Amino acid sequence: MFCPRCGQKLENAAPTTCGACGYALFVNARPTGSLIVYEDGRFLALKRAREPQAGLWETPGGFCDGWEEPAVAAVREGREELGVEVTLGDFVGMYVGSYAFQGELLPVLDCFYLATLDGARVTLDPDESSEMAWFALDEPPKLAFETMDKAVRDAALRLGTGTPGKR
């Protein structure tokens, strides 16, 4: 590993300080904005079309851009992945998870929001998702990332359709 500021080889993995320029390097969780789109006790899941976890079900969402707030990222990701506008509802929670990318396991801070569709027809981005389905909030399939499993469980409890301790 090399210092991102001066290019000097680092003696230790992050967290560490560069011996040449003094730059302090940390491993920080990357924030995401994600949606639990719900309707009548069900939530919308998408089947991942790309790695990691291709072929598994997930909730719409993705990484925040630069200085973007998670709620703004969640709405943007909904628009990009579903082809419709969403109405953002209550904040469900933040969950620390991991994401495999370019040979690294990165820490993520997944921020989930309840959301509803604006009534338009969903048009999936084929680069992101191969299909969609509605599942009961209290009987979700195994989702692509553990943080999604936790968020859907917590959303079901919040909306009164879940059982404490289930899953």
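In this predicted model, the largest pocket is lined by 25 residues. Those nearest the centre of this pocket are Arg48, Gly61, Gly62, Phe63 and Tyr99. Two or more lining residues are contributed by each of the strands β3 (30-39), β6 (61-63), β7 (86-101) and β8 (104-117), and by each of the helices α1 (70-82) and α2 (146-158). Among these elements, β7 gives the most to the lining, with four residues. The volume of the largest pocket is about 420 Å³. When the lining is divided by class, ten residues are nonpolar, seven are polar and eight are charged.

The second largest pocket has a volume of about 200 Å³. Its lining consists of 13 residues, and Phe26, Val27, Arg30, Glu104 and Leu106 are the closest to its centre. Strands β3 and β8 are the elements that give two or more residues to this lining. The largest share, four residues, comes from β8. By class, the lining of the second largest pocket comprises ten nonpolar residues, one polar residue and two charged residues.

Strand β8, which contributes to the linings of both the largest pocket and the second largest pocket, also contains Asp110. This residue is buried and has no salt bridge. The nearest side chain of opposite charge belongs to Lys150, at a distance of 9.5 Å, whereas a salt bridge requires a side-chain nitrogen of Lys or Arg within 4 Å of a carboxyl oxygen of Asp or Glu. The side chain of Asp110 does, however, form a polar contact of 2.7 Å with the side chain of Thr32.

Val92 is classed as buried because its relative accessible area is 11%, and the buried class covers values under 20%. The C-alpha atoms of Val92 and Ala155 are 6.2 Å apart in space, although the two residues are 63 residues apart in sequence.

The structure holds twelve salt bridges. One of them pairs Arg42 with Glu39, with 3.1 Å between the closest N and O atoms. Arg42 has a relative accessible area of 30% and is therefore partly exposed. Glu39 is likewise partly exposed, at 36% relative accessibility.

A salt bridge is also formed by Glu131 and Lys47, whose closest N and O atoms are 3.5 Å apart. This pair links distant parts of the chain, since Glu131 lies in strand β9 (residues 129-136) and Lys47 in strand β4 (residues 42-48), 84 residues apart. Glu131 is partly exposed, with a relative accessible area of 36%.

Arg76 and Asp65 form another salt bridge, in which the closest N and O atoms are 3.5 Å apart. Because Arg76 belongs to helix α1 and Asp65 to the loop between β6 and α1, the pair ties together parts that are eleven residues apart in sequence.

Most residues other than glycine have a negative phi, and most peptide bonds are trans. Against this background, the peptide bond from Ala14 to Pro15 is cis, with omega near 5 degrees. Pro15 is placed in the segment before β1 (16-17). The peptide bond from Glu51 to Pro52 is also cis, with omega near 0 degrees. Pro52 is located in the loop between β4 and β5 (57-58).

The loop between β4 and β5 also holds Gln53, a residue other than glycine with a positive phi, near 70 degrees. Gln53 is partly exposed, as its relative accessible area is 33%. A positive phi is found as well at Gln102, where the value is near 50 degrees. Gln102 lies in the loop between β7 and β8. With a relative accessible area of 67%, Gln102 is exposed, the exposed class covering values over 50%.

Technical notes. Residues are numbered from 1 along each chain as its sequence is written. This is a predicted model: local features need pLDDT of at least 70, side-chain atom pairs count only at pLDDT 80 or more; totals for chains, interfaces and linings use all residues. Side-chain values use heavy atoms; hydrogens and water are left out. On a 1 Å grid over the protein atoms alone, a cavity is a set of points where a 1.4 Å probe fits but cannot get out, and a pocket is an open set with protein on both sides within 12 Å along at least five of seven lines; lining residues have an atom within 4 Å of a point. Grid points are joined across faces, edges and corners, and a volume is the space filled by probe spheres set on the points. Ala, Val, Leu, Ile, Met, Phe, Trp, Tyr, Cys and Pro count as nonpolar, Asp, Glu, Lys and Arg as charged, and the others, Gly among them, as polar. Buried means under 20% relative accessible area, exposed over 50%, partly exposed in between (1.4 Å probe, protein chains only). Lys and Arg count as positive and Asp and Glu as negative; His and the chain ends are not counted. A polar contact is a pair of N or O atoms within 3.5 Å; within protein, one must be able to donate a hydrogen and the other to accept it, and residues adjacent in sequence count only if both atoms are side-chain atoms.
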